[in-house]
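Dear colleague,

I am handing over the structure we spoke about. Please look it over alongside the notes below.

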Amino acid sequence: YGSPQDVWTAAVTQGADGRLQLQSSDNTCTVPALRSRAVAAGEDFDSIPAKEAGKLGFFNSSTGRLNPKLSAEQKANGTREGYVEIFNMADITEEAWYGATFGTAGTARSPLYQTIKHNSSGVAACNTAVLEAVALDTNFKTEPEIAAAGLNAPTGQLMADWYIQNVAQSTTYSGAATTLTAVDGTGVAGVGNFVLFPQSPTPAVTDETVNNVTADPLLRTATAANLIGTSKDAAGVATGLATVATPVIRAGYYDLPD
């Protein structure tokens, strides 16, 4: 949850057990909140205290969304492969027409805005109840519901830089992230879709919903109009085309969008 004009920084490294480990001392609110130490495999994430403002926080990747046929080592390796996507899922409005509690009307800025806004010391309150009401507990489906929570359609304008460091060889690669913006025929930025899914393991409603928002073959199904190849020939062309009625992994809302 970025505060106005916010910058968020983090480092992604290999944890002690081989899984991906994210570390950050940033004071921007996150869901889940980063923990005060690394989280071991099988350890209850919520049992570890959240990090304090200005201190280093940790998030260790789960292997539960990877192919169940892989070994533990292969799964750990899999958490360190991939790419980083940054979505502007929604804007948090600064308008003062909200009440003191979530979803009520009044003359103040929304509880969501107030808890993610950095104070003069650069620290946000990050009230867990407010953040989770938006990110975990509510499946927004209509514009009035979205507006009542203090959210608005995304406007884009995000930027990012990346650095890859080989510590052993004292080598660093860097660059600017590629940005994609939807525009109309005149080049003006279009109205973005609201794409905030509740970040919970609750299964997504339908296979059609999942297929519309992910390309992950472990999460997708296939119909007669959208066949999946089960193998490739010598030329690399998909063969063994078939329908897939049941996904390898049933997508939860927290898998989306992808």
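The notes that follow cover the aromatic pairs and one threonine.

Please keep in mind that this is a predicted model.

Aromatic pairs

The count of aromatic pairs comes to three. One of them is formed by Phe 45 and Phe 59, edge-to-face, with 5.9 Å centre to centre and 65° between the planes. The edge-to-face label applies because planes over 60 degrees apart count as such. This pair links distant parts of the chain, its members being 14 residues apart. Phe 45 sits in the loop between strand S2 (20–24) and strand S3 (57–60), while Phe 59 belongs to strand S3. Phe 45 is buried, at a relative accessible area of 16%, whereas Phe 59 is partly exposed, at 29%.

Trp 97 and Tyr 98 form another aromatic pair, this one tilted: the centres are 6.4 Å apart and the angle between the planes is 50°. Trp 97 counts as partly exposed, with 49% relative accessibility. Tyr 98, at 5% relative accessibility, counts as buried, because the buried class takes in values under 20%.

Thr 221

Where does Thr 221 lie? Its place is in the loop between helix H5 (207–213) and strand S8 (231–232). Thr 221 is buried, and its relative accessible area is 6%. The side chain of Thr 221 makes a polar contact with the side chain of Asn 211, at 3.1 Å.

Best regards

Definitions and conventions: Residues are numbered from 1 along each chain as its sequence is written. This is a predicted model: local features need pLDDT of at least 70, side-chain atom pairs count only at pLDDT 80 or more; totals for chains, interfaces and linings use all residues. Side-chain values use heavy atoms; hydrogens and water are left out. Helices (H or I, at least four residues) and strands (E, at least two) are DSSP runs, numbered from the N terminus. Buried means under 20% relative accessible area, exposed over 50%, partly exposed in between (1.4 Å probe, protein chains only). A polar contact is a pair of N or O atoms within 3.5 Å; within protein, one must be able to donate a hydrogen and the other to accept it, and residues adjacent in sequence count only if both atoms are side-chain atoms. Rings of Phe, Tyr and Trp (its six-membered ring) pair if their centres lie within 6.5 Å; planes under 30 degrees apart count as stacked, over 60 as edge-to-face and the rest as tilted.
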